[in-house]
Amino acid sequence: MPTAADTIGALTERDYEYGFVTDVEQDTAPPGLSEEIIAFISAKKNEPQWLLDWRLAAYRGWLKMVEPTWANVRYEPIDYQSICYYAAPKSDDDRPKSLDEIDPEILATYEKLGIPLKEQEMLAGVAVDAVFDSVSVATTFREKLAELGVIFCSFSEAVQDHPELVRKYLGTVVPRRDNFFAALNSAVFSDGSFVYIPKGVRCPMELSTYFRINAMNTGQFERTLIIAEEGSYVSYLEGCTAPMRDENQLHAAVVELIAHEDAQIKYSTVQNWYPGDKEGVGGIYNFVTKRGLCEGRRSKISWTQVETGSAVTWKYPSCILRGDDSVGEFYSVAVSNNRQQADTGTKMIHVGKRTSSTIISKGISAGEGQNTYRGSVRILRSAEDARNFSQCDSMLIGDRCGAHTFPYIDVANPSAQMEHEASTSKIGEDQIFYCNQRGIDTEDAVSMIVNGFCKEVFRELPMEFAVEAQKLLEVSLEGSVG
Amino acid sequence: MSVSRGPSTAPYLDLYARRGGEAEVLRTRRQEAIERFEAAGFPTVRDEEWRQTNLGSLLRAAPGAASARTIQDRELAPFLYADCPRMVFVNGRYAPEASSPPRQVEAVALAELGAGGAAEAVVEHLGASVNGSASCSADAGVHPFAALNTGLFEDGAAIVIPDGAIVEQPLQVLWLSSPAAGAQAARGKAPAAVEVSFPRLLVIAGENSQASVIETFAAADPGAGGYFVCPAAEFVCGAGSVLHHTRLQADATDAFHLGFQHAQLERSASFDSSSLAFGGGLVRNDTMGLLDGEGSHCTLDGLYVVAGSQFVDNHMRVEHRQPHTTSHQLYKGVLDDRARSVFNGRIYVHQAAQKTDAKQTNRNLLLSKSALANSNPQLEIFADDVRCTHGSTIGRLDEDALFYLRARGIGREQAHGMLVYAFARELVEKASFEPLRQDLEERLLASLNGGGDG
């Protein structure tokens with residue numbers, strides 16, 4: 001029987017399964033960042049003047065900002081002038097009307113990823129807005145959603161078709177100068193998803209976007225905006241895989257959610273970007289700003305994330321609980337293996353009365369991975385009877401990894417009830433032994449224990465995602481005894 | 001800590017230039033420390049470690065060396081425990097007439113440090129935690145106020161407990177502040193000038209020795225304000241030693257108190273410290289525990305009971321460097337009026353420190369709408385076979401418990417008082433020395449009655 005250590009070795013040495021590069025001609029801007037490049041991007045996308053002004057204001061703000069260094073991550077300095085800020089497939093000017101017109105290579109990419117375009121999409125019941133690099137090349141289920149008045153399209157389409165909505169909400173949750181990476185995104189964002197759920201509509205299907213980073217040296221700057229009107233409900237899925245390559249790529253996305261009275265937004269992410277090889281070469285830098293605003297009373301925003309990829313992750317999906325009785329939730333599983341570094345967590349800002357928030361974070365470190373939970377819970381003086389429960393558990397696999405927890409708790413109202421718990425553990429030899437005795441081999445035992453550790457988070461994921469997440473976790477690491 | 005261009009250090013460097021001299025053996029150590037202080041400068045709220053501690057009101061006040069003063073016995077009486085060997089310092093200067101140094105141990109005033117005897121050990125360890133040779137990991141950096149104390153302390157206590165000695169009576173070190181009347185600020189206003197004193201304590205516990213030390217910080221006149229106490233204490237716990245430490249801080253409610261404590265533990269040593277803070281307007285304590293020997297254990301507990309516009313900040317850092325080390329932290333806070341508290345505890349587990357067991361708990365009770373509690377319990381773990389937990393709660397009194405008591409005929413005020421007392425009592429009860437326990441209990445009750453219904 002192989003020992004636990006052998007099993008871990010075998011698992012952690014497994015190659016990245018989703019690494020491949022599709023050859024598609026790119027219409028790419030020269031590397032570098034300047035007002036001209038921003039104007040070029042804006043013109044390429046046929047944007048109105050106000051949006052160009054907005055981008056330029058963000059850029060001017062960004063120039064004055066300093067890259068943050070407080071996160072518990074180490075990486076080579078990024079040369080922002082060597083990044084291409086715009087890459088779109090050639091078909092941009094002449095957008096395909098049906099799948100037949102789409103480059104077979106792109107379709108093949110999706111096949112490999114198992115994205116259910118064509119018939120599969122019907123079976124899976126998933127509407128896919130597939131983002132290939134920066135411009136959406138396929139959007140499905142549009143008509144069905146349109147009947148209900150749901151708008152689900154790429155961000156650039158929304159700028160053309162629904163400028164009033166974009167203008168009203170863009171930057172209201174994450175201001176364009178919010179932080180270094182958000183400002184960069186605001187200046188150069190390429191595309192993303194736009195969702196608008198009208199009053200009282202319960203979106204009948206899970207909305208899903210698959211992102212792929214595909215062109216060499218192209219940073220990807222997604223911009224997602226989701227608006228849920230009064231009494232509506234939407235569940236949005238975001239999943240990522242990226243091809244194998246050796247150059248670090250920057251990804252600085254911004255996601256803004258707005259939930260009006262009684263609305264609910266559920267945002268789930270499975271992130272499996274290329275983490276770099278075992279020596280830490282290559283891999284994606286994932287510096288994301290995600291924030292939701294519970295604007296109306298009784299609104300609810302729920303973030304669920306499974307982070308297994310990226311070389312460096314810097315991500316804090318947050319909720320501003322402004323409406324009375326609003327609810328914020330954060331469920332996270334973050335895995336860092338080999339040389340991966342993750343500094344992730346959440347911010348819950350309680351403003352309204354009787355607001356409540358729940359934070360469940362599970363960090364798993366293996367190899368030489370460093371996993372940090374950094375979270376902030378702020379209960380303002382106006383937040384009468386606010387409640388928060390936080391639980392941050394870490395699991396360490398191997399003796400060269402690290403797990404860190406940095407919660408910040410600020411309470412300015414005595415009626416608040418705030419609890420924070422954290423623990424750190426490893427998979428015990430006795431647990432493995434117990435399973436072995438009952439005929440479960442070490443690999444399965446470890447997988448079982450890790451899945452059990454993450455159960456509270458997986459439970460929050462939509463069905464299809466939960467399966468994918470478990471699979472990802474098995475790939476990323478099942479081995480668990482140091 | 002990053003170097004930042006904070007407020008000017010010049011007035012304090014000037015104090016260094018004008019200092020009264022020191023024991024010859026300590027000169028280089030002090031010079032080194034003041035250079036470190038000069039390089040680091042004063043921290044600002046832009047430094048992560050000082051994010052929530054605004055030193056503005058302190059650094060705007062012009063510092064002056066605390067004046068020498070003789071103290072009457074009746075002024076000391078409220079702070080002393082009968083039969084305890086003691087060392088009394090007034091405004092940072094040793095008061096031999098009021099002191100009765102213990103016999104079993106070597107207790108010397110630093111200003112009188114000669115050569116030979118305890119001096120060798122003192123010179124070896126004094127400031128070692130500040131100057132880097134024994135300090136926590138490099139990223140902990142220079143603690144500016146500890147460096148400042150090392151450069152500027154006028155006098156201090158060095159207590160050397162011989163190997164194998166078991167000292168039954170606790171040793172008391174009283175740091176009394178008694179600023180000159182002129183320096184006192186009008187109440188409620190930031191003072192234009194402060195009298196500064198730099199109490200310095202070094203305790204060296206020999207192998208397999210046992211002792212307990214009580215530190216008391218107090219003001220001769222509780223109404224006196226406008227002074228700044230900047231103490232630093234170092235504890236060197238030899239293999240197998242057991243050292244108990246109680247730190248009672250009862251400064252005037254508008255005094256500044258920025259303290260630093262560092263304990264280094266050898267194999268199987270045990271250090272148990274309780275810090276009880278009732279006084280001070282702007283209070284900050286940085287406590288570090290360095291578990292440097294296999295099987296060592298440290299307990300760092302604390303209680304803060306604050307009201308009015310008091311601010312108290314406890315920064316803790318416990319480093320597990322060796323296997324089989326354990327640490328416990330329990331900090332409880334009771335906040336009333338506009339009081340603010342910060343708890344920032346960090347457990348750092350090095351890769352070698354397998355089988356670490358660390359626990360950290362912070363509980364805060366908010367009694368008023370305007371009180372604010374910040375709690376940042378942090379873990380940094382680089383070893384896998386460890387058990388580390390932390391927990392933090394912030395809340396108000398349990399309405400059900402209040403109802404229960406009131407249903408049994410206990411008035412609201414009294415029920416309130418009982419519950420708050422019950423919350424805080426755990427840390428007072430820890431004191432095993434009866435006179436100390438009684439004193440702490442009285443202080444707790446007094447501070448609850450003073451601020452409880454205000």
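Hi everyone. Before we look at the strands, one term: two strands pair if DSSP finds at least two bridges between them. Keep that in mind, and keep in mind too that this is a predicted model.

Let's start with a pair in chain B. Strand 18, residues 326-335, and strand 20, residues 357-366, run parallel and are joined over 10 bridges. If you want to find this on your screen, look for Gln329(B), which stands opposite Gln360(B) in strand 20. Strand 20 of chain B also has a parallel partner in strand 22 of chain B, with 9 bridges between them. There, Thr361(B) faces Gly391(B) of strand 22.

Strand 12, residues 242-250, pairs with strand 14 in the parallel sense over 8 bridges. Strand 14 also pairs with strand 16 of chain B, residues 297-306, again parallel and over 8 bridges. Ser270(B) is a handy landmark here: Val242(B) stands opposite Ser270(B), and Ser270(B) stands opposite His297(B) in strand 16. Strand 14 of chain B is mostly covered too, with 6 of its 8 residues buried.

Now, how do the two chains meet? In chain B, 32 residues are in contact with 32 residues of chain A. On the chain B side, strand 21 (372-381) and strand 22 (387-395) each supply at least two residues. Which strand gives the most to that side? Strand 21 of chain B does, with 10 residues. Sorted by class, the chain B side has 13 nonpolar, 12 polar and 7 charged residues.

Strand 21 of chain B does something else that I like: strand 23 of chain A, residues 402-411, pairs with this strand in the antiparallel sense, over 6 bridges.

In soluble globular proteins, nonpolar side chains tend to be buried together. Please zoom in on Val411(A): leaving aside residues up to four places away in sequence, Val411(A) touches residues of chain A including Ile379(A) and Met418(A), and residues of chain B including Leu366(B), Leu372(B) and Ile394(B).

Let me step back to chain A as a whole. Chain A has 12 helices and 24 strands, and 57% of its 482 residues are buried. Of the contacts in chain A with a separation of 6 or more, 84% are between residues 24 or more positions apart.

Last, confidence. Chain A has a mean pLDDT of 79, with 76% of its residues at 70 or more. Where is confidence lowest in chain A, and where is it highest? The lowest is helix 5, residues 118-124, with a mean of 37, and the highest is strand 16, residues 318-321, at 96. Over residues 117-128 of chain A the pLDDT is below 50, although the model gives this stretch 30 contacts beyond near neighbours in sequence. Residues 478-482 of chain A also stay under 50, with 29 contacts beyond four places in sequence. Where pLDDT is low, the predicted coordinates should not be read in detail.

Key
Residues numbered from 1 in each chain as written. Chains lettered and ligands numbered in written order. Predicted model: local features only at pLDDT ≥ 70, side-chain atom pairs only at ≥ 80, totals over all residues. pLDDT = per-residue confidence, 0-100. Helix = DSSP H or I, 4+ residues; strand = E, 2+ residues; numbered from the N terminus. Contact = placed C-beta atoms within 7 Å. Buried ≥ 20, exposed ≤ 12 C-beta atoms within 10 Å, placed from the backbone. Nonpolar A, V, L, I, M, F, W, Y, C, P; charged D, E, K, R; others polar.
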